[in-house]
Amino acid sequence: MQISRRAFLKCCALASASLGLGPKELVDLESALADPQAPSVLWLQGSGCSGCTISFLNYISPSEPVDAADVLIRSANLIYHPTLSAGAGESVVADIKKAENFILCVEGGVPTALAGHACVPWSEGGREVSFQEAVQVLSAKAKQVLCVGTCAAFGGISAMGANPMGVKSVPEATGRNAVNVSGCPPHPNWIVETLAQLLQGKTLSLDGRGRPVSIYGGRRTCDQCPFHGRGEARTYGVSGQCMEALGCQGEVVSSPCPTTQWNNRVSWCMAAGSPCLGCIDPTFPGATSLLRRRGGPGGRGRGRGRD
Amino acid sequence: MPTVVTIDPVTRLEGHLRVDVTVDLVDGKPQVVEARVSGTSFRGFETMLVGRDPSEAPHLTQRICGVCSVPHGVAAAMALENAAQVSIPENARILRNLVMGANFIQSHILHFYHLSLLDYVGGPGMPPWEPQWNVDRRFGSEASARLVEHYKAALKAVRQANEMAAVFAGRQPHSPAFIPGGFTNVPTADQIAEFRKYCGIITDFVRSVYVPDVDLVASQYPDYDELGRGYGNLLVFGGFALDTAGKGLLFAAGRVGAGTDEIQPVNLEALAEQVACSWYDNGSSACHPSAGATQAVYPKDGAYSWIKAPRYEGQPCETGPLARMTIGGHYRQGISVHDRHRARAAETLKLAEILPMWLAQVEPDGAVYTPYTVPTDAEAAGLTEAPRGALGHWLRIRQGKIAHYQVVTPTCWNGSPRDDQQKPGPMEKALVGTPVADARQPVEVLRVIHSFDPCLACAVHVCRPARPGRVVIF
């Protein structure tokens with residue numbers, strides 16, 4: 001098991017290196033391998049769509065562990081994951097309750113209306129436990145809280161518009177700082193890399209929104225975009241042009257998508273002729289529009305988002 | 001002496017589900033005599049769309065479900081296209097089908113191996129596969145080890161199917177490529193070649209691993225060819241348009257009533273959703289849509305689920321791959337736990353084999369988008385099929401904004417609670433008669449539940465289905 005964890009962290013070291021971490025971080029990762037007390041992981045899902053989990057399962061790397069199966073089977077001690085756990089009912093709840101020394105991964109927002117009854121992830125001894133209560137209790141016990149996705153980090157889609165169930169982000173609902181890996185969904189490598197750092201007990205350098213600077217602190221997406229300055233698309237269905245006029249959010253977010261790309265690098269949003277939706281941003285999905293939110297509601301009179 | 005057994009959480013599905021079964025002796029053997037299936041989460045998604053730009057609905061509604069995001073994008077785009085009366089280019093239709101086909105394939109493989117298989121085979125002896133209910137295991141160690149290897153191989157196949165979809169769609173899940181008017185991505189010869197490469201890999205997995213494994217599990221658990229039948233009412237909205245007019249469909253719309261083989265047309269006027277046992281205001285429970293808003297009410301006497309109870313002509317209906325394959329004439333073996341798995345696998349193979357043919361119809365560098373104007377006032381629906389069954393989006397536009405939006409998902413049908421007449425939902429009905437050997441580890445109940453592939457992320461924000469144009473939301 002420890003050898004497997006070593007393989008896992010080694011890979012993550014390589015992934016981190018590709019994201020700009022230096023030799024010192026690699027040494028730290030190596031030394032962390034020797035620690036048999038590395039924390040386990042609890043993964044909870046609240047008000048969301050399970051898309052962050054599916055994205056996590058899309059993880060792929062040129063070195064070991066090569067994919068999600070490798071991560072799950074040979075690495076972190078994932079005590080509970082609602083989509084993957086074999087057990088059900090009281091037995092898994094008992095394991096969640098007795099967990100100590102764990103990283104709490106939260107996917108989805110936290111509904112607070114109806115005394116939390118809008119999301120009940122399990123029962124304990126006949127009593128329904130709200131997601132709000134579960135996250136509050138477990139985040140207080142956790143070594144670290146990792147918000148996986150924009151809903152957990154900032155509310156995101158789950159808190160948009162009228163937000164009838166009073167969905168809050170995990171930091172809002174718990175009053176505890178978290179490490180935020182935003183994105184709707186986040187890129188799998190962002191999730192795995194950040195989790196690896198937390199498993200080592202590393203203190204991550206975070207931006208003002210709790211996001212790892214190594215991932216979210218780069219240049220504006222626009223400045224990395226191969227289509228920037230290559231003619232301006234005025235309508236959809238045009239490839240290889242700048243999509244600012246369609247409401248592209250690349251000017252206001254700093255995402256490594258243009259370099260990391262998606263799904264084993266087969267493509268990414270702008271390569272598919274779509275403007276950046278800005279899904280990593282705390283303003284996502286905007287008050288009334290995804291693509292007209294630059295500079296506040298209505299944008300700056302640009303980016304009508306359609307013909 | 002009847003005993004109530006509660007499973008909460010039911011794991012290995014999307015979203016939050018609780019099941020309460022009453023177990024009693026029937027002919028001296030303990031079995032389920034009554035079941036209650038509860039969706040334990042509510043999102044209010046449709047309300048949150050009000051006031052927004054209709055053209056962005058495909059982006060937003062894909063976030064209803066991270067597993068089957070693509071059909072939501074398709075249904076939302078179709079709704080606005082119907083409202084704006086715009087036809088999409090042939091290339092866009094084909095690209096949508098290709099991406100949605102890949103999405104179905106990843107969902108079905110994920111479902112069998114990662115959400116269902118561990119009801120029959122012990123997983124790797126470590127978390128998150130420990131603890132597990134280690135009961136009624138009928139495979140020897142060699143076969144078990146092989147199936148666990150296939151569990152891992154299937155993770156790879158799921159990832160590759162997502163990559164296949166992303167070749168055209170930009171990324172998975174939550175592709176930005178689905179827009180009213182067509183598709184954002186202009187297909188290139190390189191993309192077509194890349195997609196074709198994935199087709200070969202995926203088809204090989206489905207044909208040589210997935211389909212045989214489904215048969216292998218069925219052969220060791222023949223009792224589940226008899227269990228989990230339910231009502232026998234099947235419903236399909238139809239999906240995968242074979243022409244831009246939407247006349248031809250790979251999966252035909254239709255309905256089969258219990259005890260008959262006759263396939264009847266689907267009349268959308270015959271849909272209604274009831275809320276006697278759901279946490280919504282009873283005043284909104286009706287066969288006829290009203291203009292009033294539906295309100296969440298909690299607590300409420302007699303209610304136990306956030307899912308409403310959609311009914312077709314007052315009847316609960318099963319929707320999903322078995323319904324599609326049966327109504328399409330591709331599968332006629334019966335209705336049971338294994339029939340659902342076999343039909344799902346057969347559908348996966350059918351899609352895997354047809355994708356290369358559709359791919360050959362893609363015109364490289366051809367048009368993918370038709371410009372359109374969002375109508376000021378309009379009402380329309382977008383109906384399609386999702387991996388788990390019939391999916392409908394109903395849209396009303398006022399002053400160029402979304403005034404009402406409504407989504408009716410497959411799990412609303414399958415996972416519905418009792419209705420106003422206290423008639424159980426399809427999963428609840430299917431559970432009755434299921435033997436339970438050990439009330440502390442009722443794995444038999446999980447087998448029936450999982451055969452439906454419930455997706456609560458989809459089901460729990462849904463409001464009342466109405467006929468197109470008469471939309472009621474909460």
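This is a predicted model: local features need pLDDT of at least 70, side-chain atom pairs count only at pLDDT 80 or more; totals for chains, interfaces and linings use all residues.
1. Let me begin where the two chains meet. On the chain A side 73 residues take part, and they are in contact with 74 residues of chain B. Several elements of chain A give two or more residues to this side: the helices α3 (51-57), α4 (68-74) and α5 (90-98), along with the strands β2 (78-80) and β5 (122-124). If you want a place to start looking, α3(A) gives the largest share, six residues.

2. What is the make-up, by class, of the side of chain A that touches chain B? There are 40 nonpolar residues and 29 polar ones, with four charged residues besides.

3. Chain A itself is split by the domain assignment into domain 1 (2-216) and domain 2 (218-307). Where these two touch, domain 1 of chain A supplies 15 residues and domain 2 of chain A supplies eleven. On the domain 1 side, the elements that give two or more residues are α7 (150-154) and α10 (213-216) of chain A. By class, that side has seven nonpolar residues, seven polar residues and one charged residue.

4. Turning to chain B, have a look at the open sheet of three strands, ordered β6-β9-β10, with antiparallel pairing. Its edge strands are β6 (234-236) and β10 (263-264) of chain B, each of which pairs on one side only. Three bridges link β6(B) to β9 (254-256) of chain B in the antiparallel sense.

5. Strand β14 (389-398) of chain B deserves a point of its own. Is this strand mostly buried or exposed? Nine of its ten residues are buried, so far as the cut-off of 20 or more other C-beta atoms within 10 Å defines it.

6. β14(B) has an antiparallel partner in β13 (378-386) of chain B, and nine bridges join the two. A hairpin of two residues leads from β13(B) to β14(B). Within this pair, Trp394(B) of β14(B) stands opposite Ala381(B).

7. β14(B) also runs antiparallel to β15 (401-408) of chain B, joined to it by seven bridges. Here His393(B) has Val407(B) of β15(B) as its bridge partner.

Technical notes: Residues are numbered from 1 along each chain as its sequence is written. Chains are lettered from A and ligands numbered from 1 in the order in which they are written. Two strands pair if DSSP finds at least two bridges between them. Helices (H or I, at least four residues) and strands (E, at least two) are DSSP runs, numbered from the N terminus. Two residues are in contact if their C-beta atoms, placed from the backbone, lie within 7 Å. Ala, Val, Leu, Ile, Met, Phe, Trp, Tyr, Cys and Pro count as nonpolar, Asp, Glu, Lys and Arg as charged, and the others, Gly among them, as polar. A residue is buried if 20 or more other C-beta atoms lie within 10 Å of its own, exposed if 12 or fewer, and partly exposed in between; C-beta atoms are placed from the backbone. Domain bounds come from an automatic or database domain assignment.
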